Amino acid sequence: MMNLILRLGVVLALGGLTALIIALGRAFVAGQHRRARAAAPLASVGTGPASAVRILAFSSADCRQCHTHQTPALRRVLAARPGQLSVEEIDAPATPDLAARYHILTVPATVVLDAAGRARAVNFGFAPTARLLEQVDAVLNETMAA
Amino acid sequence: MSASVVSPPRIDTRLNKFSQAGVVLLSAAAFLANQPSIVAVAAGVLALSALAPAIGPFRLLYRYVVVPLRLLKPRLVEDDPAPHRFAQGVGAAFLTASALVLFLTPAVALGWALDLIVFVLAGLNFTVGFCAGCFVYYQLGKLHLLPRVRYEGGFHWRGV
């Protein structure tokens with residue numbers, strides 16, 4: 001009986017420790033997210049007039065989800081708001097400075113920039129069409145109100 | 001695997017969750033009941049799932065009992081099954097080592113530690129979806145020690 005209680009204690013302690021590690025991991029990601037949004041404004045790299053909204057789409061050659069899910073989702077967002085935004089595909093491993101600037105931990109990752117180049121939303125991992133549209137519209141509405 | 005695959009590879013995430021829950025329960029039950037034989041059973045189940053997924057006991061139970069009873073509904077997502085199989089193989093290796101240590105040596109603590117590592121990692125995958133075995137698989141791929149999947153416009157598999 002004593003033995004069983006001891007073993008139960010070990011299992012519960014391990015469960016608690018795992019939960020603690022998960023909580024710490026989530027806090028770390030939340031911190032990276034905050035720092036990414038606080039990054040200095042990014043100047044437009046293109047020659048033409050800057051779009052009201054720019055999305056930086058971080059990807060890599062090995063990233064299956066980027067190509068099967070994120071790219072089609074971004075295409076749908078582009079189609080839904082024609083002429084109002086541009087998407088810049090960025091190879092994260094080949095662009096470490098930009099990846100570091102937005103504290104990119106994983107691909108796919110997307111950064112929604114306003115016309116001034118300020119990061120308005122950051123998504124680590126796959127961002128579905130609906131969420132991206134919401135983030136884009138938030139910037140667009142503000143631009144129109146201003 | 002041929003050069004081009006028409007439909008993207010899919011996995012059933014519900015089946016994966018079901019297997020992970022099974023591994024969590026078996027590894028915890030073995031430790032709580034102090035029964036190395038349960039570790040051996042779990043090792044066998046995972047080894048079968050990794051080496052012959054079609055006859056993996058979790059898969060059979062899921063397909064012929066859990067799904068028909070509508071306890072869970074399949075949820076197919078595009079993903080590469082290879083890392084998940086690799087992860088199951090790693091789990092099977094740990095549980096096999098655990099069972100061997102528990103049966104053949106007096107190092108009880110080491111044996112149960114190996115079992116509990118699987119308990120924690122399967123629990124982590126079940127709760128937050130972090131698959132430690134897959135992580136190792138991708139790292140080995142980066143070091144060119146394992147085939148690595150590369151996307152090049154269509155579904156072309158490199159090295160598989």
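Okay, so buried here means under 20% relative accessible area, with exposed over 50% and partly exposed in between (1.4 Å probe, protein chains only).

Quick housekeeping. This is a predicted model, where local features need pLDDT of at least 70, side-chain atom pairs count only at pLDDT 80 or more, and totals for chains, interfaces and linings use all residues. Residues are numbered from 1 along each chain as its sequence is written, chains are lettered from A and ligands numbered from 1 in the order in which they are written, and side-chain values use heavy atoms, with hydrogens and water left out.

Now, disulfides, meaning cysteine sulfur pairs within 2.5 Å. How many are there over all chains? The count is 2.

Let's take chain B. Cys131(B) is linked to Cys134(B), S to S 2.2 Å, and that link is right-handed, with 70 degrees about the S-S bond. Cys131(B) counts as buried because its relative accessible area is 11%, and Cys134(B) is buried too, at 5%.

Cys134(B) also sits in helix 6, residues 132-142, where Ala132(B), Gly133(B), Tyr137(B) and Gly141(B) are buried as well. Helices, by the way, are DSSP runs of H or I with at least four residues, and strands are E runs of at least two, numbered from the N terminus. Helix 4 (81-104) and helix 5 (108-128) of chain B are among what covers those buried residues. After helix 6 comes His144(B), with a positive phi near 60 degrees.

Over in chain A, the sulfurs of Cys63(A) and Cys66(A) are 1.9 Å apart in a disulfide. That one is right-handed, at 90 degrees about the S-S bond. Cys63(A) is buried at 7% relative accessibility, and Cys66(A) is buried at 2%.

Terms used: Contact means heavy atoms within 4.5 Å.
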